[in-house]
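Hi,

Here is the structure I said I'd pass on.

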Amino acid sequence: MLTIVLLLATGVALLSVGLNSRVYAMRTASDIVARCAADAGLTIALHEMNEKLQVKPWDDSILPQAGDVNLPYSDGVCSYNVTGDLCSGYTISSNGECGPIRKFVRATIGLHGIFEHAILTRNTLTLKSGTSVDGYNSQDPLDTDADVDIGTQSTSASSVVLNTGVTVNGDIVVGVGGNPSTVIKDLGATTTGLQYAGTTQDSLPQITAPTDLFDRHTDISVQGQTTVLTPAGNGQYSQIVLKQGTVPAKLEITGGDVVLHITGDIQLGQSCEIIVKDGSTLTLYVDGNIHCRESSGINPEYPTQQVQTLQVYATGESTQLFDLKAKSQWTGVVYAPNASVNLYAGGDVYGAFVA
């Protein structure tokens, strides 16, 4: 009888241990499934927000939300909801359920553009002596308390060269895994921010010109005179050539938003100018190179520090060269991740650059 009692006690104890282990395993598995379901809901919501970007203009009057979404090949169920607006940002809230277990996750997201940095290069970034980098809010030029950074995606030595007298009021970012002290060659600059290696590499998508631009089957050629171009002249041209005659040639952009796709080069002779008149904008998609000779330039007539005034995009399939000059203050953005960009101006430069 004693033996039977001992065996019974041992069996009950082992059964209890096994049952508790089984319950713990089931609960752990349900915890994992519920958390994965919550993460899946967040991922679905993020995907739907990115899909909304395909519809222009951006509209956040109706934001993604769903309840009791059954996930395939899983016992998990998720519900998600997106709240917020463009100014304050958006918040995704997601619940995951598996049986009696519920998990909750939340993420804050915002629109991410191609000009997240003041200056970003794939390879070398050189700031000449006397250059100062500072930040402002292009939507409110009076707001000069904006944080900016410059950087490179490279991890090679001396990829960022800061010459004597350079001032950077912001951070300097180097490529993922790079050593800032090696990548940044400081020849006597003043920097107020941090110097660090990026944790993720910025995506630099290839930009293509709009397909609805009419092919003009001609070029824009001006010599010794002024030519006016309005939105009625929007389209695709083979090249832009401005030559000096008795007086320097000028191409005036006026009347609204002018969009041009140049399949060849843009060449500005000595003292020649492309001038964006007040109240107008110019967007250039360039497959070739841009050459600006001495005293020439691409200039807003009255720089307002609104970067929409001038936008230049490199759309060529091979390496390009953008040699940009401005006679005075310059406002605009340049996106040319596969191009070498040289920028010279007779005044301050407002905008952002990817090169």
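**What I found**

Setting aside neighbours within four places in sequence, Leu-260 is in contact (heavy atoms within 4.5 Å) with Leu-213, Ile-220, Leu-229, Gly-233, Asn-234, Gly-235, Tyr-237, Ile-240, Leu-282, Thr-283, Leu-284 and Tyr-285. Leu-260 and Ile-274 have the most contacts inside the largest nonpolar core, which has 49 residues. A core here is a set of buried Ala, Val, Leu, Ile, Met, Phe, Trp, Tyr and Cys residues joined through side-chain atoms within 4.5 Å; buried means under 20% relative accessible area, exposed over 50%, and partly exposed in between (1.4 Å probe, protein chains only). There is also a second, separate core of 11 residues, including Met-49, Tyr-80, Tyr-90 and Val-105.

Before you go further: this is a predicted model, so local features need pLDDT of at least 70 and side-chain atom pairs count only at pLDDT 80 or more, while totals for chains, interfaces and linings use all residues. Residues are numbered from 1 along each chain as its sequence is written, and side-chain values use heavy atoms, with hydrogens and water left out.

Next, Thr-254, which sits in the loop between β19 (250-253) and β20 (257-262). Strands are DSSP runs (E, at least two residues), numbered from the N terminus. Thr-254 counts as partly exposed because its relative accessibility is 24%. Thr-254 and Lys-277 are 23 residues apart in sequence, but 5.3 Å apart in space, C-alpha to C-alpha. Lys-277 is also one of the residues in contact with Thr-254 when neighbours within four places in sequence are left aside; Val-228, Leu-229, Thr-230, Pro-231 and Ser-280 are the others.

Now the strands, which pair if DSSP finds at least two bridges between them. β3 (residues 89-98) and β4 (residues 101-109) run antiparallel and are joined by 9 bridges. Ser-94 stands opposite Val-105 in β4. The two strands form a hairpin with 2 residues between them, and Gly-99 in the turn has a positive phi of about 65°.

Leu-86 counts as partly exposed, because its relative accessibility is 49%.

Finally, β7-β10-β13 is the order of an open sheet of 3 strands with parallel pairing. β7 (132-133) and β13 (190-191) are at the edges with a single partner strand each, so one side of each has no neighbour in the sheet. β7 is joined to β10 (residues 167-168) by 2 bridges, and Val-133 stands opposite Val-168 in β10.

Cheers

Conventions
Helices (H or I, at least four residues) and strands (E, at least two) are DSSP runs, numbered from the N terminus.
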